[in-house]
Amino acid sequence: MTLALHERGLFTWSEWTTCLSSTIQSARAAGDPDHGDTYYAHWLTALERLVLQKQWFTGDLLLHRQNAWQEAARHTAHGMPIELP
């Protein structure tokens, strides 16, 4: 998703790397041991931060979509694509 948004010109790669770096630094400061298993969680957090910084979504809408995704995932059989209504 990050690459697709970048390829569409919605943010520069420099913006992305700055946001991801800041997210990782914040996680480390909060005690993340950074064994490599949290990298993609940081990637997602950085993407969410960038979306909010760019004001593509409000925090409420982002939370609504996160909840909708979790609900859809709970009702989707393993191995099947998750679809949002």
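Is Trp16 buried or exposed? At 1% relative accessibility, Trp16 counts as buried. The model is predicted. A search of the whole structure finds seven aromatic pairs. Ring pairs join Phe11, Trp13, Trp16, Tyr39, Tyr40, Trp43 and Trp56 into a cluster.

**The pair in helix 2**
- Trp13 and Trp16 both sit in helix 2, which covers residues 13-29.
- They are three residues apart, about one turn of the helix.
- Their ring centres lie 6.4 Å apart and their planes meet at 45°, so the pair is tilted.
- Trp13 has 34% relative accessibility and therefore counts as partly exposed.
- Trp16, at 1%, is buried.

**The pair in helix 3**
- Tyr40 and Trp43 form another aromatic pair, also tilted.
- Here the distance is 6.5 Å centre to centre, with 45° between the planes.
- Tyr40 and Trp43 are three residues apart in helix 3, so about one helical turn separates them.
- Tyr40 counts as exposed because its relative accessibility is 64%, and the cut-off for exposed is over 50%.
- Trp43 is partly exposed, at 23% relative accessibility.

**Trp56 and the surface patch**
- Trp56 lies in the loop between helix 3 (39-53) and helix 4 (59-74).
- Its relative accessibility is 31%, so Trp56 counts as partly exposed.
- Trp56 belongs to the ring cluster.

Terms used
Residues are numbered from 1 along each chain as its sequence is written. This is a predicted model: local features need pLDDT of at least 70, side-chain atom pairs count only at pLDDT 80 or more; totals for chains, interfaces and linings use all residues. Side-chain values use heavy atoms; hydrogens and water are left out. Helices (H or I, at least four residues) and strands (E, at least two) are DSSP runs, numbered from the N terminus. Buried means under 20% relative accessible area, exposed over 50%, partly exposed in between (1.4 Å probe, protein chains only). Rings of Phe, Tyr and Trp (its six-membered ring) pair if their centres lie within 6.5 Å; planes under 30 degrees apart count as stacked, over 60 as edge-to-face and the rest as tilted.
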